[in-house]
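Please keep the sequence and the model in view while reading.

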Amino acid sequence: MNARPPSKPSPPLNARPLLNRRLDGLGTTIFAEMSALATATGAINLGQGFPDTDGPEEIREAAVRALREGKGNQYPPGPGIPELRAAISDHQRRFYGLGFDPDTEVLVTAGATEAIAAAMLALLEPDDEVIAFEPFYDSYTACIAMAGAKRVPLTLRAPSFRPDLDELRARITPRTRLLLLNTPHNPTGMVLTAGEQSAIAALAVEHDLLVVTDEVYEHLVYEGTHHPIAALPGMRERTVTISSAGKTFSFTGWKVGWVTADGPLVSAVRTAKQYLTYVSAGPFQYAIAEALRLPDSYFDRFRADLGRKRDLLGDGLRAAGFEVYQPQGTYFITTDITPFGEKDAYAFCRALPERCGVVAIPNSVFYDDPDAGRSQVRFTFCKREDVLRDATARLRRLAG
Ligand SMILES: Cc1ncc(COP(=O)(O)O)c(C=O)c1O
């Protein structure tokens, strides 16, 4: 029997760091850290925004049926199954009067996350500048970095978090390629008004900018109305609108998102998607095609339910001593911890599970400026009412 050759020490790996500079520092998200803390301590997780109740039973059944009937178990069409593209197109017409050709102007993606990534990779060249609201939803930072572009913050400041439109104008340079909007805005809950949308649209037209608008919370507006910027004059040909079934139908694990835009924009984003995931999961697409055709009563009830939960958590946070910034949309509430004599939201959130058995997210992680948002903490209210009541009772311990 041959003796095994003595094992050689493995050669040292290339001395260069493995993670490239664009992504350095973006490795572990705060959501993972805080969710791990929730698991380790058994605390109520009001950190990451996912519902603790699944969406409509008939939509779950539709997914099971599709799977059993062999619909979508093999690669579905790249742009998405025709039934879902038609349903997305009809949804845009039904709620906003916007017409998109399901064959050329709609793209199904693996959640809004892939739509954001594919849009950034498709539409940006290295060193282009992207103006986005700060606090930034975390995947914007990463996707702009992966595209080699530069983010330029337009900071939303408490208590109203309204964008300063003069500041927006001042941020536009010859290198600005794109405005990345998010309304309703995560984490602040700010919803752009019709007037703000018009002013932003006028700037985009004047400077010939593209607009990518993340509207995943479009059906969760409690004050005001959601206005898609794509509906404004001169905007259709320059706007990529992104949404997702995860938020509207409480199936965040299915990762069904979509893009609606003019044909050339959709085909650019589709080219990037082709090499990211190629296609999105099949059977869920059949189910979401049915979900998008649910009657208005579904959307009304969903919003009313979350609106009640917003009030329940908001009242509880106020009673516990937080300064509460009332959100107009989304399922998040941003608060300030200064009334507790504290300033460091990250330290506060790391200690919160021990102090009272609740997990939240420090907004400071959504800012470039380490001092901006330093004392802000975000809580989600997309949980069952009994869970929110339990959480607010626990938070009352902070009131001493
Ligand atoms: C503003 C915003 N955009 C996109 C996403 C991601 O959506 P999806 O789960 O469909 O990828 C989220 C999820 O929290 C979000 O808050």
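## Nonpolar cores

A nonpolar core is here a set of buried Ala, Val, Leu, Ile, Met, Phe, Trp, Tyr and Cys residues whose side-chain atoms join them within 4.5 Å. Buried stands for a relative accessible area under 20%. The model is predicted. Its largest nonpolar core holds 102 residues. Met 120, Phe 249, Ile 288, Phe 322, Phe 379 and Leu 395 touch the most other members. Where does this core lie? Domain 1 (13-54 + 297-399) and domain 2 (57-295) both contribute residues, so the core lies between them.

A second core is separate and has 23 residues. Ile 131, Val 152, Leu 168 and Val 211 are among them.

Phe 322 shows the contacts of one member of the largest core. Residues up to four places away in sequence are not counted. Its partners are then Leu 317, Thr 335, Asp 336, Ile 337, Pro 339, Phe 340, Phe 348, Phe 379, Leu 395 and Leu 398. Phe 379 and Leu 395 are also on the list of core residues that touch the most other members.

Domain 1 brings 35 residues to the contact, and domain 2 brings 44 residues.

Pro 135 sits in the loop between strand S3 (129-134) and helix H5 (138-146). Is Pro 135 buried or exposed? Pro 135 is buried, because its relative accessible area is 0%. Outside the four places on either side in sequence, Pro 135 contacts Leu 156, His 185, Asn 186, Pro 187, Thr 188, Phe 366 and Tyr 367. Asn 186 is 51 residues away from Pro 135 in sequence. In space, the two C-alpha atoms are 8.1 Å apart.

His 185 belongs to another loop, between strand S5 (176-182) and helix H7 (194-206). His 185 is buried as well, with a relative accessible area of 0%. Sequence neighbours up to four places away aside, His 185 touches Phe 133, Pro 135, Leu 156, Met 190 and Thr 330.

## Largest pocket

The largest pocket has a volume of about 1,000 Å³. Its lining counts 45 residues. Thr 29, Phe 31, Tyr 137, Asp 138 and Ser 139 lie nearest the centre. By class, the lining has 23 nonpolar, 14 polar and eight charged residues.

Which element gives the largest share of this lining? H5 does, with seven residues. Helix H1 (30-41), helix H4 (111-123), H5 and helix H8 (245-249) each supply at least two residues. Domain 1 and domain 2 each provide at least three residues of the lining.

## Second largest pocket

The second largest pocket holds about 330 Å³ of space. It is lined by 19 residues. Closest to its centre are Asp 54, Ser 250, Tyr 298, Phe 302 and Asp 305. The lining has eight nonpolar, four polar and seven charged residues.

Helix H11 (residues 296-320) gives the most to this lining, with seven residues. Why does the second largest pocket lie between the domains? Domain 1 and domain 2 both give residues to its lining, so it lies between them.

## Cavities

How many cavities of 30 Å³ or more are there? The count comes to three. The largest cavity has about 60 Å³ of space. Its lining is made of Ile 131, Ala 132, Phe 133, Leu 154, Leu 168, Leu 179, Leu 180, Leu 181 and Ile 200. S3 and S5 are the elements that give two or more residues to it. The lining divides into nine nonpolar, no polar and no charged residues.

The second largest cavity has about 40 Å³. Gln 92, Tyr 96, Glu 215, Glu 218, Thr 241, Ile 242, Ser 243, Trp 258 and Thr 260 line it. Helix H3 (82-96), strand S7 (239-244) and strand S8 (256-260) each give two or more residues. S7 gives the most, with three residues. By class, three lining residues are nonpolar, four polar and two charged.

Definitions and conventions
Residues numbered from 1 in each chain as written. Predicted model: local features only at pLDDT ≥ 70, side-chain atom pairs only at ≥ 80, totals over all residues. Heavy atoms only, no water. Buried < 20%, exposed > 50% of the residue type's maximum accessible area, 1.4 Å probe, protein only. Domains from an automatic or database assignment. Contact = heavy atoms within 4.5 Å. Helix = DSSP H or I, 4+ residues; strand = E, 2+ residues; numbered from the N terminus. 1 Å grid on protein atoms, 1.4 Å probe; cavity = no way out; pocket = protein on both sides within 12 Å on 5 of 7 lines; lining within 4 Å. Points joined across faces, edges and corners; volume = space filled by probe spheres on them. Nonpolar A, V, L, I, M, F, W, Y, C, P; charged D, E, K, R; others polar.
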